[in-house]
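Have the model open beside you as you read.

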Amino acid sequence: MSDKIYEYKDDKNWFIGKMTGHNLMSGWGIDHTIIKKIDDTLDKLSGDLDYENPKGYDVSVIRYCSAFPLIAFVVNMINQENKRHIKVIKHGEAVLLTEKDHLLAVYLPKNGVPTAEFFSSDSNAFGDTILIATRNEGKTKEFRRIFGDLGYRVENLNDYPDLPEVEETGLTFEENARLKAETISTLTGKMVLADDSGLKVDALGGLPGVWSARFSGPDATDAKNNAKLLHELAMVFEQKDRSAQFHTTLVVAAPNKDSLVVEAEWPGYIATQPKGENGFGYDPLFIVGETGRHAAELEAGEKNKVSHRGQAVQKLMEVFPSWQAKQSS
């Protein structure tokens with residue numbers, strides 16, 4: 001086991017832990033029965049205890065609001081130190097712990113939950129459903145890979161053909177992402193994740209920016225957009241002068257709740273000719289940092305770890321538990 005110290009802190013929760021203990025959880029000014037109930041739920045997950053070479057969790061709870069972020073914090077420690085793949089799924093007021101399609105444990109609040117709510121046929125599957133505010137199957141495929149590993153069921157707007165198109169009238173990525181997420185969440189009553197992503201080319205003053213998807217006009221296609229970009233940069237010969245960034249702003253909205261916003265960027269350069277068969281959009285022209293590789297040459301799993309969208313989702317998952325706890329408290 002490593003000597004790494006883990007910490008999670010927001011305005012309502014504060015936890016510090018390490019994985020060199022004997023599955024111990026303690027706190028100050030917190031109802032001991034709650035801590036014990038959470039501790040009992042997690043106790044068997046970190047493996048057999050060896051009291052000569054302890055490898056369980058040792059967590060101090062300094063500030064506490066709700067069970068979900070605390071359970072997610074401890075499970076993250078266990079996953080990192082023990083090479084596990086345990087998922088923490090919020091199911092109403094309950095918290096489910098699963099791994100490789102097996103249910104390992106269930107945490108229930110003090111007064112339990114109504115059986116009709118827990119086994120509701122409307123839930124389709126345990127865990128939350130996230131509606132991605134796009135009809136783009138390529139983009140949805142990336143989000144499905146990312147969120148599937150986190151235990152979420154992913155839908156997109158093709159599952160709701162009667163929903164109206166939300167006009168992207170914003171002048172910034174955040175304005176457009178908010179428009180889509182908050183409008184669709186209000187219409188459907190669902191948790192909605194919208195992203196507004198685009199390519200910012202320094203030599204073009206940040207264009208195409210929020211107009212990336214329609215850079216070549218109202219009938220834009222990926223091929224037309226790439227051709228226009230190459231045309232605009234035709235007289236820019238040096239790679240250092242063709243610097244660019246893929247940008248993503250993610251907004252998660254739910255009815256009557258404050259929206260969650262995260263951003264990320266992926267730096268690189270615009271090539272003089274396309275290369276690679278993977279990805280979509282400007283991926284064939286985008287050279288990843290100083291690697292010399294085009295984004296369209298990366299396999300999906302590799303891209304998700306380093307791309308603007310992958311980085312934004314990682315940031316989202318870091319703050320998502322506290323956002324959920326805050327909204328439900």
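## The sheet and its surroundings

In this predicted model, β5, β6 and β7 line up in that order as an open sheet of 3 strands with antiparallel pairing. Strands are DSSP runs of E with at least two residues, helices are runs of H or I with at least four residues, both numbered from the N terminus, and two strands pair if DSSP finds at least two bridges between them. Because β5 (87-91) and β7 (102-107) each have a single partner strand, they stand at the edges, and one side of each lacks a neighbour in the sheet. From one strand to the next, the twist averages 25°, with angles running from 0 to 180 degrees between N-to-C directions of axes fitted to C-alpha atoms, for helices over the stretch in contact.

β5 and β6 (residues 94-99) share 5 antiparallel bridges; K90 has V95 in β6 as its bridge partner.

| Helix | Strands touched | Angle between directions |
|---|---|---|
| α1 (residues 32-42) | β6 and β7 | about 170° with β7 |
| α2 (residues 67-82) | β5, β6 and β7 | about 170° with β5 |

V106 lies in strand β7 and counts as partly exposed because its relative accessibility is 32% (buried is under 20%, exposed over 50%, partly exposed in between, with a 1.4 Å probe and protein chains only).

Residues are numbered from 1 along each chain as its sequence is written. Local features need pLDDT of at least 70, side-chain atom pairs count only at pLDDT 80 or more, and totals for chains, interfaces and linings use all residues, while side-chain values use heavy atoms, without hydrogens and water.

Notes
Contact = heavy atoms within 4.5 Å.
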